[in-house]
Amino acid sequence: MTKTINKDKAKELINKSNGRIFAATFTKKDFTKRLINARLKVNYQSKTSRQRPYDPSTKGLICVYDMINKGFKMINLQTLDTLSINKNKYIVL
């Protein structure tokens, strides 16, 4: 059964995922749809800088680790369409 949630609830569910893998679909900057299998709680490390140049949350983004492509990606909460987390499926409005 698929439930409908708002963007704030989706953000809350992602933040409470506690490092578990989840799936999400969203629209990228180039207007293509993307399906991502991701998780939080992966340490961000870079050889040149240990800090991001900006805070992603101020721009409506969540930094996640892409389990397929093995790298960090940003999910735009404003373009988030679906979320599958904790064996539940959600449509995000």
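**The largest pocket and the fold around it**

Reader: Hey, how do the residues lining the largest pocket divide into nonpolar, polar and charged?

Author: There are three nonpolar, three polar and four charged residues in that lining (nonpolar is Ala, Val, Leu, Ile, Met, Phe, Trp, Tyr, Cys and Pro; charged is Asp, Glu, Lys and Arg; the others, Gly among them, are polar). This is a predicted model, where local features need pLDDT of at least 70 and side-chain atom pairs 80 or more, while totals for chains, interfaces and linings use all residues. Numbering runs from 1 along each chain as its sequence is written, and side-chain values use heavy atoms, without hydrogens or water.

Reader: Which residues line the largest pocket?

Author: Phe26, Thr27, Lys28, Lys29, Arg34, Leu61, Lys73, Met74, Asn76 and Thr79. Strand 2 (22–27) and strand 5 (71–76) each give two or more of the lining residues.

Reader: And which strand gives the most?

Author: Strand 5, with three residues. A pocket here is an open set of points on a 1 Å grid where a 1.4 Å probe fits, with protein on both sides within 12 Å along at least five of seven lines; lining residues have an atom within 4 Å of a point.

Reader: Switching topic: how many helices and strands does the protein have?

Author: One helix and seven strands, in the order β-α-β-β-β-β-β-β along the sequence. They're DSSP runs, H or I of at least four residues for helices and E of at least two for strands.

Reader: What does the C-alpha trace span?

Author: About 45 × 25 × 20 Å along the principal axes.

Reader: How much of the protein counts as buried?

Author: Of its 93 residues, 33%, with buried meaning under 20% relative accessible area (1.4 Å probe, protein chains only).

Key
Buried < 20%, exposed > 50% of the residue type's maximum accessible area, 1.4 Å probe, protein only.
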